Amino acid sequence: MPDDSEGRPADREGAPTVKEGGASLWLWSLLGAFTVAAPSALLVVEKTGSGLRPAPVILMLLAALAGLVLAVRVLVRERFARRSRRVRVLFCVASGALFFFSVALLFVFREPSDPLVRIGGVRDVAVVGFAAPGGHQDRRVLADVSAELARTMAERIPAATAARSYATEAALPLDDLQGAERRRLDGRTESFADETNAEIVVGGLVTSDTAGQTTVRPAVYVRADQVPDSPELAGWYLSEPILMARGWDSARGRARLGAELTERTSSLAQFIDALDAWRNGSPAEARRILTGLLDTARLDGSSFVPPDLVRLFRGQAMEREAAGFFGPTRMELLDMARQDFLAIPENSAIARRAALSLAANSYRRALGPTPSCEPGRVQGEELAAVSRALRSMSGNREFTELMRLKATANLAQVEHCRVRAGLIADDGTVERLVAAVREAPAITGSAELRALAESIAAVAAEYRGDRAAARKNIRAAIDQSQSFVERGIWYGLLASWSLADCDVEAGRRAQQESLTQLTAAMENGQLSAELRGEYQRIYAAEWGEAQERCGESR
């Protein structure tokens, strides 16, 4: 019989053997698994109700992509080695396209996460749980503690306030409370507060040592829109620790923790009231409430709101209040605010915020009872010291981004005052600082700082004689500010500059807008009636002078 073995494909050089064919089949199967099966399996998991968080899904898809790349490389080497480069490229592209098409289907048909329940109260508190760094705590117990705290707050805080636990729904990175860098936590908390309408967010840390003693550190989050005049105060604040000798295993220890947290909620309601008064333009009322929180009975640390935090906010409230007065009352309020800032120790968690507030306070005090940057009316050495401090803060990475931006805006203000007072030459520093604030990323609270920067640019432009630029910049400042006092003063500047240009119609409108804003500030306790009357007399004089000079009549 003729020997036809030479014609068998298995005997030809380069042809796969039976074993090689099995390997190829295995590789083709692996390719299909990584391309379609992995995303499909994740989709099945999602559809059956076992929802996964985004991070595990992304990690699994990355692993599948790595396996796909490996399988494609082996197949190209084993099965497409003798094919043209174009065929190999098309195979790789087709494999990748099929994979990404499968992933796209996964996310198209994936169930969206349920939105967080939105609280409907006026002054709402959300409890987001307690983080246990290291994972040494029972998360179920921590969720129970959060739920109990929410129930307690609902009972102890006035009926107008709702309190709800989100410990099992929200996943905030509360572990970040351990360190100084909290940008990720602050951003996630801000989004959470917007979605749930929570005015106050409460959480904390839980740690245990080797002996089993447990420490609980409650924390409270303040939103930037609650302190519109001082957005750099927004963020998380840790209160004094609560110790549990035997941890969660002790029923008595858990009962004591519940009682302690309940006791601490009594001050939280008053703190909410103070922030509400501040946000609604009543710094004097906010100061009164915060002063009540600082009585001797509450200085033992048994409060959700630690004394240092109360002093910081009360000092800021007095700063805002001082803006509505001239003379001795202004200086008295600024001096009291300074004492609050100085009372915060350097080792306090909020020492940096206090240092920034102290620098702004020193600037205002250096301008005197009737604030002015005219030559001979400022304390030059004090302004130089403030300038050095703010320059250091603006570049200090240990400060938050918003605090550095605040320091930059305040530095521009101080440097322009020094130029105007004849203490330093105008070398373009003010313009560079203002540009830095304008170009900074848009973050919560930055609008107020941009408004301040625009007002500084306006005053600087007018000082250089560029009144057109001054009017343009002051309008930009007005458009970005919500403060009655600031808008009133800035409309007054716009009126003065318009009348100086004989644009009497625009000047008269700006005067009327200014008086409207100043009246609202007076009605909210932000401005004295005497100061509002003084502005009205100044406007009347400027209007009369403009009529005579520009040849206009009423």
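Where is the place of Cys-502? Cys-502 sits in the loop between helix 16 (484–500) and helix 17 (504–523). Helices here are DSSP runs of H or I with at least four residues, strands are runs of E with at least two, and both are numbered from the N terminus.

Before going on, the ground rules. This is a predicted model, in which local features need pLDDT of at least 70 and side-chain atom pairs count only at pLDDT 80 or more, while totals for chains, interfaces and linings use all residues. Residues are numbered from 1 along each chain as its sequence is written, and side-chain values use heavy atoms, with hydrogens and water left out.

Cys-502 is not a glycine, yet its phi is positive, at about 65°. Most residues other than glycine have a negative phi. Cys-502 has a relative accessibility of 34%, so it counts as partly exposed. The scale is this: buried is under 20% relative accessible area, exposed is over 50%, and partly exposed is in between, with a 1.4 Å probe and protein chains only. Asn-197 is another non-glycine residue with a positive phi, about 70°. Its loop runs between helix 5 (183–196) and strand 3 (200–208). Asn-197 is partly exposed as well, at 27% relative accessibility.

Next, the inside. A nonpolar core means a set of buried Ala, Val, Leu, Ile, Met, Phe, Trp, Tyr and Cys residues joined through side-chain atoms within 4.5 Å. The largest one has 52 residues, and the members touching the most others are Tyr-237, Leu-268, Phe-271, Leu-312 and Phe-313. Helix 6 (residues 251–279) is the top contributor to this core, giving nine residues. A second, separate core has 33 residues, among them Leu-356, Leu-402, Ala-412 and Ala-440.

Which residues is Phe-313 in contact with, leaving aside neighbours within four places in sequence? Contact means heavy atoms within 4.5 Å. The partners of Phe-313 are Val-222, Val-227, Leu-233, Tyr-237, Phe-271, Leu-275, Trp-278 and Leu-290.

Now the rings. Rings of Phe, Tyr and Trp (the six-membered ring for Trp) pair if their centres lie within 6.5 Å; planes under 30 degrees apart are stacked, over 60 edge-to-face, and the rest tilted. By this rule there are six aromatic pairs. One is Tyr-221 with Trp-236, a tilted pair with 5.6 Å between centres and 50° between planes. Tyr-221 is in strand 4 (residues 214–222) and Trp-236 in strand 5 (residues 235–238), so this pair ties together parts 15 residues apart in sequence. Tyr-221 is buried at 4% relative accessibility, and Trp-236 is buried at 2%. Another pair is Tyr-237 and Phe-313, with centres 6.1 Å apart and planes at 75°, so it is edge-to-face. Tyr-237 lies in strand 5 and Phe-313 in helix 8 (residues 307–322), so here the parts tied together are 76 residues apart in sequence. Tyr-237 and Phe-313 are both buried. Together with Phe-271 and Trp-278, they form one aromatic cluster.

His-416, in helix 12 (residues 401–420), has 9% relative accessibility and counts as buried. Beyond residues up to four places away in sequence, His-416 touches Val-430, Ile-456, Val-459, Ala-460 and Tyr-463. Ala-458 is in helix 14 (residues 446–464) and is buried, at 0%. From Ala-458 to Asn-473 is 15 residues in sequence and 4.9 Å in space, C-alpha to C-alpha.
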